Amino acid sequence: MRSPSQAAGPSQPGMTDAPWGLVLLVLVHHFGLWAWTSWHRGIPALLVLDRWDSHHYSTLVLDGYSWPLWAFLPLYPGLVWLVRLGLGGTLPPQVVGTLLSTACLLGFIAWNTHQARQAPPGPGMTARTPWGWFAFLYGPASFALHSHHTEGLFLLLSFGALACASRGRLLPSAVLVSLCIFTRNQGCFVAISAALLAALREPSWRERIMRFGVMGGVALLAFAGLLVFEWNRSADPFMFLKAQREWNHVDSLWGAIRGLWFGNAWHRGFNGWLVLRNVYGAVWLVFAGVLWRRDRALGLYALLSLLVMLPQGDLGNAFRFGAVLFPVMFVAGDWLATRPGALRWTVALGMVWLNHKVTHAYAIAKWPY
């Protein structure tokens, strides 16, 4: 990683190599940690890859939807089911999902670096320094990007939707936005941001309104398609929203605000991990603000992704929700590249430690998200 004096330009020599070296390090670190944990604690390796939401996705692949699994949107488990079927239908779903997600993460890096070589990207669309890639790949829950979760797929789709929109390619962007809506709830925020990116590149208000309307109309059609899917399978078009009531949610604006200092009914005693998530949320908010000043559309995406967690009553899922927000992590890492060496490396060591602990927590079935 380069010194701050070398961090100014978007096309530094070696920038194309940095993400590949870092992702290799991350994969060796995480899979090595999981293998060691499996051996040291006597946990079956397949169980290590099948914790928490990964287990829910495995159930969806093997048995289909049932309550409360309607909370999980259909594209990722459907794609794992299809790939597994194509591979003979015998591999455990968590293995197929891990392979698929890892391929998506690598695809994101390939696409991102290719776009950066073609033309100077907008703020936040790619890292301008190796530190930007480090901050992204060593975010607290980056394990979700290459394991049996929706994050790897959503990362690839959301980047493609935003990148195509920023270059004026409406049809590819609209298709990718539609797929995002079928993957994660954040897909709606990608749709808004992609529509803004496509619109704001036009000089006249007439063209801006037309492009925003086209992108917004396609996104609404995709959301309507999701409702039809839910209605066809469960007889209730909003089943995916109703099923999310199985998790903690507040019933008032005050409850959402009170969760920031752990004042809701389910908060009992001191929880250091929730404090760390709040710290992470605060950092996220700061750099989302920086991003907002540079690009309104991407800044809005980052801010909405943070605000949507508040109705849950705390930031207990912040590590995972932030894992896919590459614009925020790129901006944060590039800012870090300009800081004094002692601060940079202290923060880097803290990030590696936190990433290691979260990745290990997933393996031993402690809440890692």
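Is D236 buried or exposed at 13% relative accessibility? D236 counts as buried at that value, where buried means under 20% relative accessible area, exposed means over 50%, and partly exposed is in between, with a 1.4 Å probe and protein chains only.

Hello everyone, and thanks for coming. Before we go on, a word about where this comes from. This is a predicted model, in which local features need pLDDT of at least 70 and side-chain atom pairs count only at pLDDT 80 or more, while totals for chains, interfaces and linings use all residues. Residues are numbered from 1 along each chain as its sequence is written, and side-chain values use heavy atoms, with hydrogens and water left out.

Let's start with the whole protein. Its secondary structure comes to 17 helices and zero strands; helices here are DSSP runs of H or I with at least four residues, strands are runs of E with at least two, and both are numbered from the N terminus. The radius of gyration is 20 Å, close to the 21 Å that the globule rule gives for 369 residues, so the protein is as compact as a globular protein of that length. That radius is taken over C-alpha atoms, and the globule rule is 2.2 Å times the number of residues to the power 0.38. Along the principal axes, the C-alpha trace spans about 55 × 50 × 50 Å. Buried residues make up 52% of the 369 residues.

Among contacts with a separation of 6 or more, 74% are accounted for by residues 24 or more positions apart.

Now please look at two helices, α4 and α5. Two packed helices are described by the angle between their axes and the distance between the axes. Helix α4 covers residues 75-86 and helix α5 residues 93-118; their axes come within 9 Å and cross at roughly 105 degrees. That makes α4 roughly perpendicular to α5. For reference, axes are lines fitted to C-alpha atoms, for helices over the stretch in contact, and angles run from 0 to 180 degrees between N-to-C directions. Under 35 degrees counts as roughly parallel, over 145 as roughly antiparallel, 65 to 115 as roughly perpendicular, and the rest as oblique.

Which residues meet there? From α4 come Y76, L79, V80, V83 and R84, and from α5 come P93, V96, G97, L100 and S101. They divide into seven nonpolar, two polar and one charged. In this grouping, Ala, Val, Leu, Ile, Met, Phe, Trp, Tyr, Cys and Pro are nonpolar, Asp, Glu, Lys and Arg are charged, and the others, Gly among them, are polar.

On to salt bridges, meaning a side-chain nitrogen of Lys or Arg within 4 Å of a carboxyl oxygen of Asp or Glu. A search of the whole structure finds seven. One of them joins the side chains of R320 and D53, at 2.4 Å from N to O. R320 lies in helix α15 (residues 318-323) and D53 in helix α3 (residues 53-63), so this pair ties together parts that are 267 residues apart in sequence. R320 is buried, with a relative accessible area of 7%, and D53 counts as buried too, at 11%.

Setting aside residues up to four places away in sequence, R320 touches D53, Y57, A141, H149, T150, E151, R184 and Y369.

Where does R184 sit? R184 is in the loop between α8 (170-181) and α9 (187-200), and at 9% relative accessibility R184 counts as buried. Beyond neighbours within four places in sequence, R184 is in contact with L73, T150, E151, F154, R320 and F321.

Here are two other salt bridges. R201 pairs with E202, their closest N and O atoms being 3.6 Å apart; R201 is partly exposed at 41%, whereas E202 is buried at 12%. D236, from my opening question, pairs with K242, with closest N and O atoms 2.5 Å apart. K242 is partly exposed, with a relative accessible area of 32%.

Last stop: P237, in the loop between α10 (205-234) and α11 (239-243). P237 is partly exposed at 26%. Leaving aside neighbours within four places in sequence, P237 is in contact with L227, E230 and W231. P237 and F143 are 94 residues apart in sequence, and their C-alpha atoms are 32 Å apart in space.

Terms used. Contact = heavy atoms within 4.5 Å.
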